[in-house]
Amino acid sequence: MSSVGMRPCGDYKTDYGRDQTIFETTTARNFVIAGIVLACLMPLVADRYVLSLMIQIGYLGIAALGLNILVGFTGQISIGHAAFFGFGAFTSAYLNNHFAIPVFFCIPLAGLATAVVGFAFGLPAARIKGLYLAIATLAAQYILEDFFARSYWFTGGPSGSIAQPFTLFGFSFDSDRSYFYVVLAYTIVAYLLATNLMRSRDGRALVAVRDHYLSAEMMGINLTKYRTLSFAIAAFLAGIGGALYAHYLSVVSSEGFNLLLSVQFLAMVIIGGLGSILGSLLGTVFMVLLPEAMDAGTRALSGTWIDTALGLKDNVVFLRDMAIGAVIIGFLIFEPDGLAHRWRQIKAYWKLYPFSY
Amino acid sequence: MLLQLADISMAFGGVRALSGVSFEVAQGELFSIIGPNGAGKTSMLNCISGRYRPTGGRVLFEGRDITGLTPNHRARLGIGRTFQNLALFGHMSVLDNILVGRHHLLKNNILTGSLYWIGGARKEELAHRRAVEEIIDFLEIQAVRKAIAGTLSYGLRKRVELARAIALRPKLILLDEPMAGMNLEEKEDMARFIIDLNEEWGMTVVMIEHDMGVVMDISHRVIVLDFGQKIAEGTPEAVLNDPQVRMAYLGDVEGDADAPSGQVAQ
């Protein structure tokens, strides 16, 4: 959305097809392809810990993408996203355990089932907006959380339910190294489909509903349909992310899908950039890596004179949590448009150097 | 008759914005609604476009009763409109804004749209891009087609809004003060576009406008509203010379020697 085009001088398009590609320049496209190739090579060099972080970024990133379509693109609000994430996780495990459906099919099915639930909880959006809608989605969060805790047949109650590893043609993706590819494939497909959606009819309709719902309606857009559809899409992606999470951890317990996780999802899309596909991923990377960075920082601090002077000892852990909060606040003040906006500015700077515009 | 309004009344609680207004617009007409501020012109337009449901009376479009239809249904039937206050999708590009106008003509949905290359969405999008480019050419906004709508100047935004309404391929286009806040040159351009729309694109135009010079020059027929009632209807000349219209605009001119009678048309 920056006003600076990345297209070099003399690069004239001769047909509309070439003017409506995902990437403005072939360089940008090649960089992304190189990035994917690089990611494919990661399991060969990275250790388990790094891989587990990347897998986390993958499944959380898919769920964050869903929330960004709802909050960033359609302008609705949801603080019950973690519940949909959890619903996807339990559904996938349940389908696999009780109906012996292969995990390969369970994951998309879990997404669809969650989409139905999301659609149902999105129905209030047809009539209410803003803070009122936020409270309605908060109800979704608590209803589903309560459902997870009580429905033993579905979730296994407090002991949780077992999720079998992902298998394909007899090969079991049960190590971090192999499961990484499953998550990578899902992430790429999810982001690609979302990008396509946003440059076609229904994606434009969603943004139109956000920007000016009255004139969107005059343009022939059914507001109720697109508001609830947006909830269904968000829940679908949350369900896929949740299912990937379930088959990664192999045990799903109901405690994790609480309001805090919902807020963290919101933080991801706000930090990454509302209304930006790329921002969803950047925000997730930020939120996953920030605790790691802060952890490294505080660990380096322990034993030094600062530690002894302040008498921190075991409290260094709390320092980490406070630092995370401080960084997020700082981010919202200095980078309110998110990481995606910063990225565009870096690109513009690169292109325009040594001039400022 | 393309559009028929029969005995339209619109009340907001105790305030009667419109009381028993009836008129008809023929196919191919360039029709203006004028009146002093608060006369009910925009309420009238909202009743036609579906924002308001009139508290009394009926709206007929091509002989069909559309009084109870939602605005998005009416768009599909062929009614497009622009707004008095800009109502663009501020964060979208000009191109996307206009493409939203093609919404009801496009067929790709969430599934085919997401798959894009498979299932024909790409082909369809490109075909409609072509149609949109024709409108862009017509309104001379080629230079800003990739700009974000919210960053444009006022005059350009008005033009983009017109482009978006044209993209609907409406049979009837409703323009709510298309020239408000424009300078003379922009007004002349806009008047030209409206005439072209009417004569070359064959759209029936219903327009609200305060600039009497423009209204009198380009309209085929005019109605005058005052306090929610129709006080005159006819050709521009007939309306100009109507004593009730003079009264509405200028106050009681009889016996007042200083009154600027005959100044309505400037």
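The contact between the two chains draws 36 residues from chain B and 28 residues from chain A, where two residues are in contact if their C-beta atoms, placed from the backbone, lie within 7 Å. On the chain B side, at least two residues each come from α2 (71-77), α3 (94-100), α4 (110-115) and α5 (121-139). The biggest share belongs to α5(B), with five residues. Sorted by class, this side of chain B holds 17 nonpolar, twelve polar and seven charged residues; Ala, Val, Leu, Ile, Met, Phe, Trp, Tyr, Cys and Pro count as nonpolar, Asp, Glu, Lys and Arg as charged, and the others, Gly among them, as polar. Helices (H or I, at least four residues) and strands (E, at least two) are DSSP runs, numbered from the N terminus.

The model is predicted, with local features needing pLDDT of at least 70 and side-chain atom pairs counting only at pLDDT 80 or more, while totals for chains, interfaces and linings use all residues. Residues are numbered from 1 along each chain as its sequence is written, and chains are lettered from A and ligands numbered from 1 in the order in which they are written.

Chain B itself is divided into domain 1 (1-45 + 57-78 + 171-255) and domain 2 (90-169), with bounds from an automatic or database domain assignment. Their C-alpha centres are 28 Å apart. Nine residues of domain 1 of chain B meet nine residues of domain 2 of chain B. On the domain 1 side, α2 and α7 (184-199) of chain B each provide at least two residues, and α7(B) gives the most, with three. That side comprises six nonpolar, one polar and two charged residues.

Turning to the sheets of chain B, six strands form an open sheet in the order β6-β7-β8-β3-β9-β10, with mixed pairing; two strands pair if DSSP finds at least two bridges between them. At the edges are β6 (79-81) and β10 (229-234) of chain B, each pairing on one side only. On average, neighbouring strands are turned by 20 degrees against each other, direction ignored. Within this sheet, β7 (172-176) and β8 (204-208) of chain B are parallel and share five bridges, and Asp176(B) has Ile208(B) in β8(B) as its bridge partner. Helix α7(B) packs on the sheet, touching β3 (30-34), β7 and β8 of chain B, and its direction makes about 150 degrees with that of β8(B). Helix α10 (243-250) of chain B also packs on the sheet, touching β9 (221-226) and β10, at about 130 degrees to the direction of β10(B). Axes are lines fitted to C-alpha atoms, for helices over the stretch in contact, and angles run from 0 to 180 degrees between N-to-C directions.

A four-stranded open sheet of chain B has the order β2-β1-β4-β5 and antiparallel pairing, with β2 and β5 (64-65) as its edge strands. Seven bridges join β1 (3-12) to β2 (15-25) of chain B, and Leu5(B) is partnered by Phe23(B) in β2(B). The hairpin of these strands has two residues between them, and Gly13(B) there takes a positive phi near 60 degrees.

In chain A, helix α6 (130-150) has 21 residues and reaches 31 Å from first C-alpha to last, close to the 30 Å expected, the expected span being 1.5 Å times one less than the number of residues. Its buried residues include Leu133(A), Ala136(A), Leu144(A) and Phe148(A); a residue is buried if 20 or more other C-beta atoms, placed from the backbone, lie within 10 Å of its own. Their cover includes α4 (81-99), α5 (103-122), α7 (152-155) and α12 (259-272) of chain A.

Notes
Buried ≥ 20, exposed ≤ 12 C-beta atoms within 10 Å, placed from the backbone.
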